[in-house]
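Subject: Model handover and notes

Hello,

Here is the model you asked about. Please open it alongside this email and keep it in view as you read.

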Amino acid sequence: MNSLSNSILKNYNLFLLAAPKQTRNIILNNLQPSSSSLSFHNNNQLYTYYSSSLTCNNTTSTTIRQYTSSTKNQNNDEKQPLSSTTHNDIIPSKPKTAIVMLNLGGPQNLDEVEPFLTRLFSDRDIIKLPFQSIAGKVIAKRRTPAVRKLYEAIGGGSPIKKWTTLQGRAIEKILDARSPETAPHKTYIGFRYAAPLIDRALEEMKSDGVTRAIAFTQYPHYSCTTTGSSLNNLWKTLEQKGLERHFEWSIIDRWPLHGGFVNAITSNLEKAIEAFNTRAKELGMADEKPVIVFSAHSLPMKTVERGDPYPGEIQATVQAVMDRLAVKEGRPTTSDKYASILCWQSKVGPLPWLVPKTVDIVTQLAKENKNCIVVPVAFTSDHIETLSEIDIELQHSAKENGMRLMIRSESLNDNPLIIDAMADIVHQHLVSKQSISNPTKYTFKCPGCIDQSHKYCRTIRNPIGGGGQQPQQQQPQQQQTITENK
Ligand SMILES: C=CC1=C(C)c2cc3[nH]c(cc4nc(cc5[nH]c(cc1n2)c(C)c5CCC(=O)O)C(CCC(=O)O)=C4C)c(C)c3C=C
Ligand SMILES: [Fe+2]
């Protein structure tokens, strides 16, 4: 433990000794000192961050933070810094910047499967059904037994909350050190279809006394069915709770080409290539080159036809990863070493969705005696689509059709590269002081949009600096033309 933490605890102990016995007992029953530390690198700097706090009845009264930064010497040896500076801040525990991590969410146990599916199928931004509220419930109920089995096979629930919590805690610490002027930062989880839902996050933010908030999508690629739905739901929930003007908002709406994100996927792909080569040798096929199968969650063709940006942004990430791999392997980006293909998984229902399907491509490769590495590309952590659909179902189809070796590239989860990337995305956003991270893209509605009201779609409420996009007027004429042309 560092000296600052020691001195807080020492003073705290002295105070306790000096206090009358009755007071001491009250304090001892309610106060808990705690301290933690975290180290990370940025450029040539090693940052070590310590935090100590006293907690009373679950309310942290004062947080004293100390962080040191040290420059690496020429041998990159972090243990012997060339120079070192120490900053001490005494700051109130009230978060100055809230970061709301928006994601789909997932059931944490088997009993949550049906409510999760009910919320999902009731959402007109993800799927439009006739008599939605009734049909959504019926479809969810019918689907529940099969989906429960899938979650049962991966340990009884989705790990998405675990990973989002871990990523959030880690980026808070990095941001507090990297951006002291906007600290303390606190992350809140706002899931769309499972606890903790967005309304819980807003209540917690209100009771924490937060006023500045960033809506940070955890989907790197924008789709009206994912980030669009989460943002629409955020604006709607604020309205329902009478909190429209309570927080000043800015939004990070997508990050498909962020260098750290691309690098994190590439780094996991490199590890998968290494694992493939080792295993291929053991199997007596040392010179075997894998086909790299990028797999993203599919999307209904109806959504794609309206102009949803998701497929194009996924393709951009895939190309950037292949280029980065070439650069890391010392090849020009035009010289491909591996064959690669982008496929789509997790189609739901009978209507057409994006193709080729991952399972069809892997089956075809197996029949051609080829082997592959599957790279999940649209998510920042593990969940049912990786742990069940790829690791169990796809692996099974590959084997059944004669593939000798299929390796899955690891999900990003707690990889320090993705954590650093996420912190950098928020930091860059804070520095930019923009209310929307990609204003032209975000405010450009899909040309075939069928949202009749346009009440929430592609808007931002109470943006920082009073700028940004306000709710737009309905465009009935244009809507009709597009509908008639279809
Ligand atoms: C009903 C239509 C659906 C669309 C459109 C859709 C788009 C979409 N989804 C993700 C990411 C995830 N989806 C996940 C689960 C999931 N998705 C749908 C339906 C649609 N998704 C369902 C019904 C389910 C539940 C599982 C099932 O019933 O098969 C998950 C996993 C959640 C978890 O386990 O934690 C993710 C992640 C994206 C990126 C996307 C479009 C761009
Ligand atoms: Fe989905």
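Below are the conventions, then the findings.

This is a predicted model: local features need pLDDT of at least 70, side-chain atom pairs count only at pLDDT 80 or more, and totals for chains, interfaces and linings use all residues. Residues are numbered from 1 along each chain as its sequence is written, chains are lettered from A and ligands numbered from 1 in the order in which they are written, and side-chain values use heavy atoms, with hydrogens and water left out.

**Overall**

The chain has 15 helices and 12 strands. Both are DSSP runs numbered from the N terminus: helices are H or I with at least four residues, strands are E with at least two. Of the 486 residues, 50% are buried. Buried means under 20% relative accessible area, exposed means over 50%, and partly exposed is in between (1.4 Å probe, protein chains only). Take contacts (heavy atoms within 4.5 Å) between residues at least 6 apart in sequence: 72% of them join residues at least 24 apart.

**Domains 2 and 3**

There is a domain 1 (3-89), a domain 2 (98-256 + 417-443) and a domain 3 (259-408). These bounds come from an automatic or database domain assignment. The centres of domain 2 and domain 3, taken over C-alpha atoms, are 26 Å apart. In contact across the interface are 26 residues of domain 2 and 26 residues of domain 3. About 2100 Å² is buried between these two domains, and carbon and sulfur atoms give 65% of that. Buried area here is the accessible area (1.4 Å probe) that two parts lose on being put together, summed over both.

The rule finds 1 salt bridge across this interface. A salt bridge needs a side-chain nitrogen of Lys or Arg within 4 Å of a carboxyl oxygen of Asp or Glu. Between the two domains, 8 residue pairs are in polar contact, both residues at pLDDT 80 or more. A polar contact is a pair of N or O atoms within 3.5 Å; within protein, one must be able to donate a hydrogen and the other to accept it, and residues adjacent in sequence count only if both atoms are side-chain atoms. On the domain 2 side, the elements giving two or more residues are H4 (132-153), H5 (160-178) and H13 (416-432). By class, that side has 17 nonpolar, 6 polar and 3 charged residues. Nonpolar covers Ala, Val, Leu, Ile, Met, Phe, Trp, Tyr, Cys and Pro; charged covers Asp, Glu, Lys and Arg; the others, Gly among them, are polar.

**Salt bridges**

The whole structure holds 18 salt bridges. Lys141 pairs with Glu114, the closest N and O atoms being 3.6 Å apart. Lys141 is in H4 and Glu114 in H3, so the pair ties together parts 27 residues apart in sequence. Lys141 is exposed at 54%, while Glu114 is partly exposed at 28%.

Arg408 has two partners to look at. With Asp382, its closest N and O atoms are 3.4 Å apart. Arg408 sits in strand S12 (406-408) and Asp382 in the loop between S11 and H12 (384-400), 26 residues away. Arg408 is buried at 18%, and Asp382 is buried at 10%. Asp391 also forms a salt bridge with Arg408, at 2.6 Å, N to O. Asp391 lies in H12, 17 residues from Arg408.

**Backbone and packing**

Ala183 and Pro184 are joined by a cis peptide bond, omega about -5°. Pro184 is in the loop between H5 and strand S6 (185-191). The bond from Ala195 to Pro196 is also cis, with omega near -5°.

Phe131 is not a glycine, yet has a positive phi of about 50°. Phe131 lies in the loop between H3 (113-121) and H4, and is exposed at 71%. Buried residues of H3 include Val113, Phe116 and Leu117. H4 is among what covers the buried residues of H3.

Finally, check Asn462, in the loop between H14 (439-443) and H15 (476-485). Asn462 is buried at 13%. A polar atom of its side chain lies 2.8 Å from the backbone oxygen of Phe247. Not counting residues up to four places away in sequence, Asn462 touches Glu244, Arg245, His246, Phe247, Glu248 and Trp249.

Best wishes
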